[in-house]
Amino acid sequence: MSDQLKSIAFTVAIALVCSLLLTGAATGLKDRKLRNVAVDREKNILKAVGLLNPDQPQTVAQIEQLYQEKIRCYAMNGAGRIVAGDSVTDGLPVCFYVKGNQPAAYILPVDSRGLWGKIHGYMAIESDGKTVAGFSVYSHNETPGLGGEIEKPWFQKNFVGKQIVDGAGKFAAVGIAKGKVADAIPADRQANYVDGISGATLTGKYLTGGLKDVLSEYEPLSKQFRTGRVVLPAGS
């Protein structure tokens, strides 16, 4: 065999071995990757409802145990009723923070447009159906130091206590002001806004629109909460 053929054969053999190793690694790590994705989702749901302190790291086992004890996930049908089914086929996904088998808050997935891509997170609403219990962002492509501040605790904490209804009790959503709420928003609407991020007006604009879309979709459920008619499926 000529030197050229030997080089080609060696290259092909190395490529084949590397391919097999990569395939084996991907297969072997698949379960771990799926678990990490699930734990990250659980962690952000818990953060949204205020059950995790970002300043106190938790182990995977602690996150999984807390999630199992406190969170129940179902689907919401078009009438705002909760069903024990697949959210893909039976309605919109919704999770509940449960105390003594009673919902203390409900958590909605947020998928919003951002300046450079999608913004993904969760918003939790208290059982009164109108007060924000918390907000978390776990994925985005916004500019670090500007729109990227949406992932920081200082920004997310601003949502706690804000209202998704106006003074008359009508749906109003919650949004990000262009600047300070006290300076940019009339007094009678300030409960529906949080302070904006300096230099990130477009991120605030897109996230405001995304939150409004999400909260509008789940307004039938919020109305059920505001009238005290929410019932979780039997056996939950």
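Guide: Let us begin with a term: a residue counts as exposed when its relative accessible area is over 50%, and as buried when that value is under 20%, with partly exposed in between. Please also keep in mind that this is a predicted model.

Visitor: Fine. Is Gln 102 buried or exposed, then?
Guide: Gln 102 has a relative accessibility of 52%, which is over 50%, so this residue counts as exposed. Gln 102 belongs to strand 4.

Visitor: How far is Gln 102 from Ser 127?
Guide: Their C-alpha atoms are separated by 9.4 Å, while along the chain the two residues are 25 places apart.

Visitor: Let me step back. How many helices and strands does the chain have?
Guide: The protein chain has seven helices and eight strands. Of its 236 residues, 36% are buried.

Visitor: Are its two cysteines buried or exposed?
Guide: Cys 73 is partly exposed, at 34% relative accessibility. Cys 95 is buried, at 6%.

Visitor: Changing topic: how many aromatic pairs are there?
Guide: The structure holds seven aromatic pairs. In one of them, the rings of Trp 154 and Phe 155 have centres 5.9 Å apart and planes at 80 degrees, so this pair is edge-to-face. Trp 154 is partly exposed, with a relative accessibility of 41%, whereas Phe 155 is buried at 1%.

Visitor: Which other ring pairs with Phe 155?
Guide: Phe 155 also forms an edge-to-face pair with Phe 159, with 5.4 Å from centre to centre and 80 degrees between the planes. Both Phe 155 and Phe 159 are buried.

Visitor: Which rings form a cluster?
Guide: Tyr 74, Phe 96, Tyr 106 and Phe 225 are linked into a cluster by ring pairs.

Visitor: I see that Phe 225 is in helix 7. Which residues of helix 7 are buried?
Guide: In helix 7 (residues 219-226), the buried residues include Glu 219, Leu 221, Ser 222, Gln 224 and Phe 225.

Visitor: What covers them?
Guide: The cover includes strand 1, strand 2 (82-83), strand 3, strand 4 (102-113) and helix 6 (201-217). Just after helix 7, Gly 228 takes a positive phi of about 70 degrees.

Visitor: What about Gln 156: where is it, and what does it touch?
Guide: Gln 156 is in helix 4 (residues 153-157). This residue is buried, with a relative accessible area of 7%. Leaving aside residues up to four places away in sequence, Gln 156 touches Phe 135, Ser 136, Val 137, Ile 150 and Glu 151.

Visitor: Which residues make a nonpolar patch on the surface?
Guide: Leu 115, Trp 116 and Leu 202 form such a patch, with about 310 Å² of accessible area together. Leu 202 lies in helix 6 and is partly exposed, at 40% relative accessibility.

Visitor: Last topic: how many salt bridges are there?
Guide: There are four salt bridges. One of them joins Lys 43 and Asp 40, whose closest N and O atoms are 3.8 Å apart. These residues are separated by about one helical turn because they are three residues apart in helix 1 (residues 3-48).

Visitor: What does Glu 149 meet in a salt bridge?
Guide: The side chain of Glu 149 meets that of Lys 152, at 3.2 Å from N to O. Glu 149 is buried, with a relative accessible area of 14%, and Lys 152 is partly exposed, at 31%.

Visitor: And what is the partner of Lys 180?
Guide: Lys 180 forms a salt bridge with Asp 195, the closest N and O atoms being 3.8 Å apart. Lys 180 is exposed, at 52% relative accessibility, while Asp 195 is partly exposed, at 22%.

Key: Residues numbered from 1 in each chain as written. Heavy atoms only, no water. Helix = DSSP H or I, 4+ residues; strand = E, 2+ residues; numbered from the N terminus. Buried < 20%, exposed > 50% of the residue type's maximum accessible area, 1.4 Å probe, protein only. Contact = heavy atoms within 4.5 Å. Patch = residues over 30% accessible without salt bridge, like charges linked within 9 Å, V, L, I, M, F, W, Y side chains within 5 Å. Areas by Shrake-Rupley, 256 points an atom, 1.4 Å probe, with all protein chains shown as cover. Phe/Tyr/Trp six-rings, centres within 6.5 Å; stacked < 30°, edge-to-face > 60°.
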